[in-house]
Amino acid sequence: MNIYQEELLDHYENPSNYGTLPNPDISHVEDNPLCGDQIRMDLLIEDDKIKEVRFCGHGCTISLAAASMLTEKIEGKSLDEVKQITKDDMLEMVGIPLGPVRIKCALLALKVLKAGAYGINCWPGEEE
Amino acid sequence: MHTSEFRPLDVERIRKDFPIFATEPPLAFLDNAASTQTARPVVDAMDAYYDTYRSNIHRGIYRISEQATEEYERAREKVARLINAPRTRQIIFTRNTTESINLVAYSWGNQNIQEGDEIVLTVMEHHSNLVPWQLLAQRTGAVLRFLEITDEGLLDFTQLQDVLTEKTKLVAIGHVSNVLGTINPIQSVTAAAHAVGAKVVVDAAQSVPHFHVDVQQLDCDFLAFSGHKMCGPTGIGVLYGKLELLEEMPPFLGGGSMIRAVERDVSSYADLPAKFEAGTPSIAEAIGLGHAVDYITQANLAAIQVHEQELLKYAHHRLKEIEGITLYGPSVPHQKAGVISFNIEGIHPHDVAGILDTHGVAIRAGHHCAQPLMKRLDVIATVRASFYLYNTVEDVDRLYEGLCRAQKLMTRRK
């Protein structure tokens, strides 16, 4: 039963920073074609730091809880710091063992964030 | 041939042929529409090939090669008998249903489909019976047209007369929907298609393993299915075609085995079925498939069908008790095979699958390679349980308990 731990379910049921921003500096949306999950992230940047972040979308517990956790982590951080967040950081944050299919769920929010932070044209792409 | 005397399945004995069920508590394997377990006699037959007569088929002038050829061709005879093909050479071995359909799309399609011709599909097709026709339409300028389904999940027959015209050259249709379980009335479709001069390709991946399919009765022009969905191995599939069509068609893949004589610039091709079997085929897998055919015919396809119907009825009955559940597909059992798709309000299908997995229940969640159907049903994904001859009422109970657990966990404070 360990894949549905309390912390994860809490984030799923009461996600942090859920919603959209009226005039975001960065807004980006990505989906996971395997399961149709979709996450959008809006960022408000002030003095090169993330002042506000919101996410919305639809997906399973893991993709939505991971997005909620990620938004908590990045508030107040610079875009450069955001670009440094790795796949392993993300999986550590989610904190439960995941199979290859569901790793994609856990990483969807990070994909959205990084693609947004780099600007889609400069994004080096997902980590292997 | 198929014995007419009916005897119910001895499920307990059957389960002994599948070592995966020997664990305690046993795995509730309910993902048979994706791939079934392989029966022990099938694995034994493939082992015997690898251990005692491993060699390439055809042209080998030594004993074990002759034996391998014999076994490979015997498998073809068994498959021909299974679907009542008039001639054994109408059975072409491929890798799977997908390759069989692609063979028709390239070989028959390139030769017979022209700009403006229409190819009729249904909205419930698996991608394997959709994408090859999209590619053919892109190559040739042909137009795809779709038969819709009713809200009940049945083929909308009222449309048929409007969609089928003298422009229709081909109808490609699944025998059984891998999502809804809907059994399509192929005989009526072939009659209507032939009346306008169109050919019919049947994706029988979900039917041949589960009930008796007779290609002469269906009168279809092509029929495709896979070994791995009928207790056989992966890597082996079947294409059946009408003799006059197969004989007229150009080769699909070129290479060894499919030739008669090869000059520097041109070749002449072998007779059927070799013309369509270029290169060394999946020998062990074909032999395995032959034994899988033996296995399911000895179990008796009519008994398998009855058994699955009983499980389906029981599953319908139990799952309906769950609050917030939506079942997709026909509710009339005789129009539906042993596939049950559903969603539970407020729980993502992937979460359902994840929680069921921790409960020892293997089901599938996702779009089931039928994205246009998902759109039609207005869902992103569904949860799907699908049955086979070794499943039990206890498997359904485990599914039900797992679903209750998922619901409790995911809606605890709502």
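A: Two strands are taken as paired if DSSP finds at least two bridges between them. Helices (H or I, at least four residues) and strands (E, at least two) are DSSP runs, numbered from the N terminus. The model is predicted, so local features need pLDDT of at least 70 and side-chain atom pairs count only at pLDDT 80 or more, while totals for chains, interfaces and linings use all residues. Residues are numbered from 1 along each chain as its sequence is written, and chains are lettered from A in the order in which they are written.

In chain A, 3 strands make an open sheet with antiparallel pairing, in the order S1-S2-S3. Its edges are S1 (26–32) and S3 (49–58), each of which pairs on one side only. Neighbouring strands are turned against each other by 15 degrees on average, direction ignored. Axes here are lines fitted to C-alpha atoms, for helices over the stretch in contact, and angles run from 0 to 180 degrees between N-to-C directions.

Strand S2 (residues 37–46) of chain A is joined to S3(A) by 9 bridges, and the two run antiparallel. A:Glu46 is placed opposite A:Lys49 of S3(A).

Two helices of chain A lie across these strands. Helix H5 (residues 100–118) lies across S1, S2 and S3, at about 150 degrees to S1(A). Contact requires C-beta atoms, placed from the backbone, within 7 Å.

As for the chains, their contact takes 12 residues from chain B and 12 residues from chain A. On the chain B side, helix H12 (residues 349–358) gives the most, with 5 residues.
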